[in-house]
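Here are my notes for a first look at this model. Keep the structure open beside you and go through the points in order.

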Amino acid sequence: MGPQGELMMLSTNGKVILLGEHAVVYGRPALAMSFSPGLTLVSQEEGEGALRVIVPAWQLEQSEADFTPVGEALRLARKLLPFCGGLTLSIDAHIPIGAGLGSSASLGLLVVRALARQGGHRLSRAQEREYTHEIEKVFHRDPSGLDDTVITFGGLCLFCRSGWNERPSAWESLEAITPQALRVPCALPTFVIADSRVPHSTQAMVAGLRHRYQLDPPWVEARIEAISRCVERAVAALDLADHAVLASAMQENHRLLVDLELSHPILEQMISVAMASGALAAKLTGGGGGGCIIALVSGDGAPIVGALNDAGYRAWLVNPQQAIY
Ligand code: MEV
């Protein structure tokens, strides 16, 4: 058994939704960006045994022999990318697990890339995404594909789960990187992400909204439609580097998510802290009911990170320009 020297370094992005979460489940576009670092493979050891992942920051150590979602994901990964023998992957996590930042897709992609290298499989970006999407299905029964797409391709993407048969005319010229994702080329402002550490289940939040939808479709539909207008305003604002309009679109998107009962008192407190320390906008990101917020900042964002950390949350600056393409 021995480490593989210079072959070791592999990294995958995290992802954060800027606008459009939940509306994306109902066929509307969401705007999401990758950031790095997400996960980094720090070492790998070959051996006789099983395929195993060790992620100390997540207190996770599991192998394909485990009857857990991670174990099942590893068994599937080996089936998709066959290789001989055992392999232990030791991974540094720079993103929290289960907080809406794409931890499972980031792990899935890292395993795909490590196994492809181990088995001598040459994968295109599209194949990497496809395999990662298959692994995502183990963790989230019916994933929209947003996480695996944004994490694999990197950068800022508009994602629509049903594809782009009818694009708004303003988006006609955007490059389609998959049938569901359009690349949005623009210089991104600085964002702060903060983790509430409140455990949440995206599946439960999605199911809760689905229930609400069944009770009163027009009421929910109106809000979903309004969220999709926020996404359109945000894309236009990014194109013009108009951060005031971007901020108002994010604020409006958050108000609509609150209306849909997708926030949480702790997220509201975090948003107040971010706004009081100078953020231009702050909203929940991902499933809501816990998890993370994202704040748009002007300047270097240090006072906002400091205020959120002082208040007991875990906040950090995101530099999307560092995302791995
Ligand atoms: C979760 O990160 C985003 C949701 O829109 C769910 C999904 O897209 O599958 C809430």
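1. Start with a term: a residue counts as buried when its relative accessible area is under 20%. By that cut-off, the buried residues of helix 4 are L146, D147, D148, T149, V150, I151, T152 and F153. Bear in mind throughout that this is a predicted model.

2. Staying with helix 4, which covers residues 146-153, how many of its residues are buried? The count is 8 of the 8, so the helix is largely enclosed by the rest of the structure. After helix 4 comes G154, with a positive phi near 75°.

3. If you skip residues up to four places away in sequence, T178 touches R129, T149 and F153; T149 and F153 are among the buried residues of helix 4. The side chain of T178 also reaches the backbone nitrogen of A181, at 3.0 Å. For a sense of scale, look at T178 and S201: they are 23 residues apart along the chain, and their C-alpha atoms are separated by 28 Å.

4. Next, the ligand. Which residues surround it? They are K15, I17, E21, H22, V24, V25, S144, T202, G286 and G287. A backbone N or O atom of H22 lies 2.9 Å from a ligand oxygen, and a polar side-chain atom of S144 lies 3.4 Å from an oxygen atom of the ligand. Taken alone, the ligand exposes 300 Å², and the protein buries 87% of that.

5. Most residues other than glycine have a negative phi, and most peptide bonds are trans. H22 is not a glycine, yet its phi is positive, about 70°. You will find H22 in the loop between strand 1 and strand 2. Is H22 buried or exposed? Its relative accessibility is 4%, so H22 counts as buried.

6. P37 belongs to strand 2.

7. Strand 2 also holds T40. With a relative accessibility of 8%, T40 counts as buried. The side chains of T40 and H94 are joined by a polar contact of 3.3 Å. Neighbours within four places in sequence aside, T40 is in contact with M9, L10, S11, S90, I91, D92, H94 and L110.

8. On to the aromatic rings. A pair of aromatic rings is described by the distance of the centres and the angle of the planes. The count here comes to 2 aromatic pairs. One is Y26 with Y213, a stacked pair at 5.1 Å centre to centre, with 20° between the planes. This pair links distant parts of the chain: Y26 is in the loop between strand 1 (10-19) and strand 2 (30-47), while Y213 is in helix 5 (residues 202-215), 187 residues apart. Y26 is buried, with a relative accessible area of 15%, whereas Y213 is partly exposed at 22%.

9. Why is the pair of W164 and W171 called edge-to-face? The ring centres are 5.8 Å apart and the planes stand at 80°, so the pair is edge-to-face; the cut-off for that label is over 60 degrees. W164 is buried, at 13% relative accessible area, and W171 counts as buried too, at 4%.

10. Last, look for arginines placed over ring faces. R78 lies over the face of F83, 4.4 Å from the ring centre. R223 lies over the face of W219, at 3.9 Å from the ring centre.

Notes:
Residues are numbered from 1 along each chain as its sequence is written. Side-chain values use heavy atoms; hydrogens and water are left out. Rings of Phe, Tyr and Trp (its six-membered ring) pair if their centres lie within 6.5 Å; planes under 30 degrees apart count as stacked, over 60 as edge-to-face and the rest as tilted. Helices (H or I, at least four residues) and strands (E, at least two) are DSSP runs, numbered from the N terminus. Buried means under 20% relative accessible area, exposed over 50%, partly exposed in between (1.4 Å probe, protein chains only). A charge sits over a ring if NZ of Lys or CZ of Arg is within 6 Å of the ring centre and within 35 degrees of the ring normal. A residue is near a molecule or strand if one of its heavy atoms lies within 4 Å of it. A polar contact is a pair of N or O atoms within 3.5 Å; within protein, one must be able to donate a hydrogen and the other to accept it, and residues adjacent in sequence count only if both atoms are side-chain atoms. Accessible areas come from the Shrake-Rupley method with a 1.4 Å probe; for residues, only the protein chains shown count as cover. Contact means heavy atoms within 4.5 Å.
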